[in-house]
Amino acid sequence: MRARRRTTVRTTALAAALVLALGAGPLAAPAFASPASSAPAAVSSGAHGPDAQALRAALEGLPDQDATAALVRVGGTDGRWRGSAGVHDLASGRPADPDVRFRAGSTTKVVTAAAVLRLAARGEIDLNRPVQRYLPGLLGADFRPVTVRQLLNHTSGIPAGDGLGSTFEELYAHRYETLSPREVVASAAAKGPEFRPGSAQHYLNINYTVLGLLIEKVTGRPYATAAGELVLAPAGLRDTYFPGADPRILGPHNHGYQAVEKADGTTGLVDVTDWVPADEAAGGMISTTADLERLLTRLFRGELVPAPQLEEMFTVPAGVAGATYTAGLQRFEYEGTVYWLKTGARYGYSTVIAGTRDLSRTLVQSVNSTDAKGEGMNPVVQRIALAALK
């Protein structure tokens, strides 16, 4: 009885902690007839590897009101597990393809951070230098000097920039449009600083929008080209790319949906697969679970960023109350084990990459959430994370 209670308490504590780290949650349950779900397919190895039974259970019942599909890769030196469930699209009901591309959202920030750190290793960027020295006039006179490091770890004090709407309905109406990075930064700068640089931490896309402009200035190439040369190619990411103004996901992909309330008060699903991504350097990347696992593994091994600069990705800013974000990652600790993770959300798609620094356990998941940008935590994302980190 004690053992059962202790397990319950540990699981509840882990779930509560994950809610703080992984931000994606459900709306009211959408009303749709569930096509037949694909059975999870898995391969596992290692005596102390992932809990295959718990992972299979985490994927049961898809599609449901929270997600239409899920793709999972658990790896590391302790063993591996692969699984998928749900449907490719609701119209056909055919099983979800486990090897397809999807919108990776803010996991893009890992690539942007790695690109900046590689340039720092080459001596082309000084992390202690104010970004205003590289991009004069970008922020205006109201802002104190903001270092490149403060952009990387979200302690810059630059407020959020404006978008093309504040509700799903407004954004959906403008889904084939986008603002340039300089327009977004100008709208943020016009609001003035949120706080003194280095005194607080506020996770915002704007920090990485500015870093994208910095990469372009230093390399003399468009962000997508520079990120490809600095990170994607060295990491061997064969199916990862930046779509630019193309609203499509090129190649095989599972459809994404958003739950919306209809005029009669019921909830339905809107296909949001096609969408021009905003904030390219902050969240515009398209990838696969295999590529993101490869990125995480090679990054943590020190194969992409030299050791002195790689420490930035595992260093939470000192003296900043409540800080958990580093350069491109987020620190999450549970019962003495530290995981370094990054989440991403684009309408229709929720992504998580996570791993221990020694790579004994890694997790990559892509869930076709029906409210990927909502408050709280998507139940499917949570179930998978809990099962993977057991």
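The exercises below, each with a worked solution, concern a predicted model of a protein.

**Exercise 1. How many helices and strands does the protein have, and what share of its residues is buried?**

Solution. Start with the secondary structure, which comes to 13 helices and 10 strands. Next take burial: of the 390 residues in the protein, 56% are buried. Finally, consider contacts between residues with a separation of 6 or more: 72% of these join residues 24 or more positions apart.

**Exercise 2. What span should helix α9 have, and what is the distance between its end C-alpha atoms?**

Solution. Helix α9 covers residues 223-235, which makes 13 residues. The expected span is 1.5 Å times one less than the number of residues, so α9 should span 18 Å. In the model its end C-alpha atoms are 17 Å apart, which agrees. The helix has a bend of about 45 degrees at E229. After α9 comes G236, with a positive phi near 75 degrees.

**Exercise 3. Which residues of α9 are buried, and what covers them?**

Solution. A residue counts as buried when its relative accessible area is under 20%. In α9 the buried residues are Y223, A226, A227, G228, L230, V231, L232 and A235. To read such a list, recall that an α-helix has 3.6 residues a turn, so residues three or four places apart point the same way. The cover over the buried residues of α9 includes the helices α3 (108-121), α8 (206-219), α10 (280-283) and α11 (289-300).

**Exercise 4. What is the strand order in the open sheet of 6 strands, and which strands are at its edges?**

Solution. Strands of a sheet pair through backbone hydrogen bonds, either parallel or antiparallel. Here the order is β2-β1-β10-β9-β8-β7, and the pairing is antiparallel. The edge strands, β2 (81-86) and β7 (330-334), each pair on one side only. From one strand to the next, the twist averages 15 degrees.

β1 (residues 67-75) and β10 (residues 362-369) are joined over 7 bridges in the antiparallel sense. V72 has Q365 in β10 as its bridge partner. Helix α13 (residues 379-388) packs on the sheet and touches β1, β9 (349-355) and β10. The direction of α13 makes about 165 degrees with that of β10.

**Exercise 5. Over how many bridges does β8 pair with β7, and over how many with β9?**

Solution. β7 and β8 pair over 5 bridges, in the antiparallel sense. Y334 has T337 in β8 as its bridge partner. The hairpin of these two strands has 2 residues between them, and E335 takes a positive phi near 50 degrees.

On to β9: β8 and β9 pair in the antiparallel sense over 7 bridges. T343 stands opposite V352 in β9. This hairpin also has 2 residues between the strands, with G348 at a positive phi near 90 degrees. As for burial, 8 of the 10 residues of β8 are buried.

**Exercise 6. Why is the ring pair of F314 and W340 edge-to-face, and what does the pair tie together?**

Solution. The ring centres of F314 and W340 are 5.2 Å apart, and their planes are at 85 degrees. Rings pair if their centres lie within 6.5 Å, and planes over 60 degrees apart count as edge-to-face, so this pair is edge-to-face. F314 lies in the loop between α12 (307-310) and β7, while W340 is in strand β8 (residues 337-346), so the pair ties together parts that are 26 residues apart in sequence. Both residues, F314 and W340, are buried.

The protein has 10 aromatic pairs in total. Ring pairs also link F168, Y172, W275 and Y347 into a cluster.

Note on methods: Residues are numbered from 1 along each chain as its sequence is written. This is a predicted model: local features need pLDDT of at least 70, side-chain atom pairs count only at pLDDT 80 or more; totals for chains, interfaces and linings use all residues. Side-chain values use heavy atoms; hydrogens and water are left out. Helices (H or I, at least four residues) and strands (E, at least two) are DSSP runs, numbered from the N terminus. The bend at a residue is the angle between axes fitted to the seven residues ending there and the seven starting there. Buried means under 20% relative accessible area, exposed over 50%, partly exposed in between (1.4 Å probe, protein chains only). Contact means heavy atoms within 4.5 Å. Two strands pair if DSSP finds at least two bridges between them. Axes are lines fitted to C-alpha atoms, for helices over the stretch in contact, and angles run from 0 to 180 degrees between N-to-C directions. Rings of Phe, Tyr and Trp (its six-membered ring) pair if their centres lie within 6.5 Å; planes under 30 degrees apart count as stacked, over 60 as edge-to-face and the rest as tilted.
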